[in-house]
Amino acid sequence: MPQLAIERLYELTKDKDTYITTEVGQHQMWAAQYYHFDEPNRFMTSGGLGTMGYGLPAALGVQVAHPDSLVIDIGGDGSVQMTMQEMSAAVQYGLPIKIFILNNSYLGMVRQWQELLHGGRYSHSYSEAIPDFVKLVEAYGGVGIRATKPDELDDAIKEMISVDKPVLFDCVVQNMANCFPMIPSGEAHNNMLLADSEDIGSAISEKGKMLV
């Protein structure tokens, strides 16, 4: 599960001088929920702007500013492809950033909205032709690591941390996991959806449908 991946990432990096950036999507929300930040100014994210592709170049900037720190971009398989070419800058300038992808083969947040608020009518949210991320980062001269099972996580994360080069960690996760709480379009915060919400399929109003 993606939540477990973030929890293990936190446990294995909490004693280091760690900075986290994110892309945009479910992984961004899970990073906020399950990576327990103990110091201020350690979480770089685009917030409500929803800028897919933010995390990788942000990680480059953080690594330049903090050359001796551990900088990790928590991303999704969709968002990270928006600015993947910046891996060349990381290799060229010797910036050992770590990209930790929660790979579910979907635009996860889009799929979640389509499932929960639009009756499971999926449209252009599944990626049938995502790249082999390990090979892709190796083509740039970086290091690729992949984990597909929970018992592989800890050793793979430790390997990622130990490598003094740009690393892309392809963490293959459950592809239909949803992120809660969420607020349907047009609704107030007190109408947020929880994992145990009833009649969730009719949660979006006509006004909300006009907003999306």
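**Entry 1**

The model I am reading is a predicted one, in which local features need pLDDT of at least 70 and side-chain atom pairs count only at pLDDT 80 or more, while totals for chains, interfaces and linings use all residues. Residues are numbered from 1 along each chain as its sequence is written, and side-chain values use heavy atoms, with hydrogens and water left out.

I noted how the elements are named: helices (H or I, at least four residues) and strands (E, at least two) are DSSP runs, numbered from the N terminus. Two strands pair if DSSP finds at least two bridges between them. S4 and strand S6 (residues 167-172) run parallel and are joined by six bridges. Strand S3 (residues 70-76) also pairs with S4 in the parallel sense, over five bridges, and here Gly75 has Ile101 of S4 as its bridge partner.

Is strand S4 mostly covered or mostly open? I found that six of the six residues of S4 (residues 98-103) are buried, where buried means under 20% relative accessible area, exposed over 50%, and partly exposed in between (1.4 Å probe, protein chains only). In a regular strand the side chains alternate between the two faces of the sheet. In S4, Lys98, Phe100 and Leu102 point one way, while Ile99, Ile101 and Asn103 point the other way, and all are buried.

**Entry 2: the sheet as a whole**

In what order do the strands of the open sheet stand? I wrote down S2-S1-S3-S4-S6-S5 for its six strands, and the pairing is parallel. Strand S2 (43-44) and strand S5 (143-147) stand at the edges with a single partner strand each, so one side of each has no neighbour in the sheet. S5 pairs with S6 in the parallel sense over five bridges, and within these two strands Ile145 stands opposite Phe169 in S6.

I then turned to strand S1 (residues 18-22), which is mostly covered, with five of its five residues buried. Thr18, Ile20 and Thr22 point one way from S1, whereas Tyr19 and Thr21 point the other way. S1 and S3 pair in the parallel sense over five bridges, and the bridge partner of Thr22 in S3 is Ile74. S1 and S2 pair in the parallel sense over two bridges, with Phe43 in S2 as the bridge partner of Ile20. The chain crosses from S1 through H2 to S2 in a right-handed β-α-β crossover. A crossover is right-handed if, with the strands pointing away from the viewer, the path from the first strand over the helix to the second runs clockwise. S3, helix H4 (residues 87-92) and S4 also make a right-handed β-α-β unit.

**Entry 3: three loop residues**

I checked Asn104, which is found in the loop between S4 and H5 and is buried, with a relative accessible area of 8%. Its side chain and that of Gln26 are joined by a polar contact of 3.4 Å, a polar contact being a pair of N or O atoms within 3.5 Å; within protein, one must be able to donate a hydrogen and the other to accept it, and residues adjacent in sequence count only if both atoms are side-chain atoms.

Gly142 is found in the loop between helix H6 (133-140) and S5, and at a relative accessible area of 10% this glycine is buried. The C-alpha atoms of Gly142 and Lys165 are separated by 6.4 Å, although the two are 23 residues apart along the chain.

Asn41, by contrast, counts as exposed at 68% relative accessibility, and its place is in the loop between H2 and S2. I noted that phi of Asn41 is near 60 degrees, a positive value in a residue other than glycine. Most residues other than glycine have a negative phi.

**Entry 4: the lining of a pocket**

Which residues lie nearest the centre of the largest pocket? I found Gln28, Met29, Met109, Trp113 and Pro181 there, among the 21 residues that line it. A pocket is an open set of points on a 1 Å grid over the protein atoms alone, where a 1.4 Å probe fits, with protein on both sides within 12 Å along at least five of seven lines; lining residues have an atom within 4 Å of a point. Helix H2 (26-34) and helix H5 (108-117) are the elements that give two or more residues to the lining, and the largest share, four residues, comes from H2.
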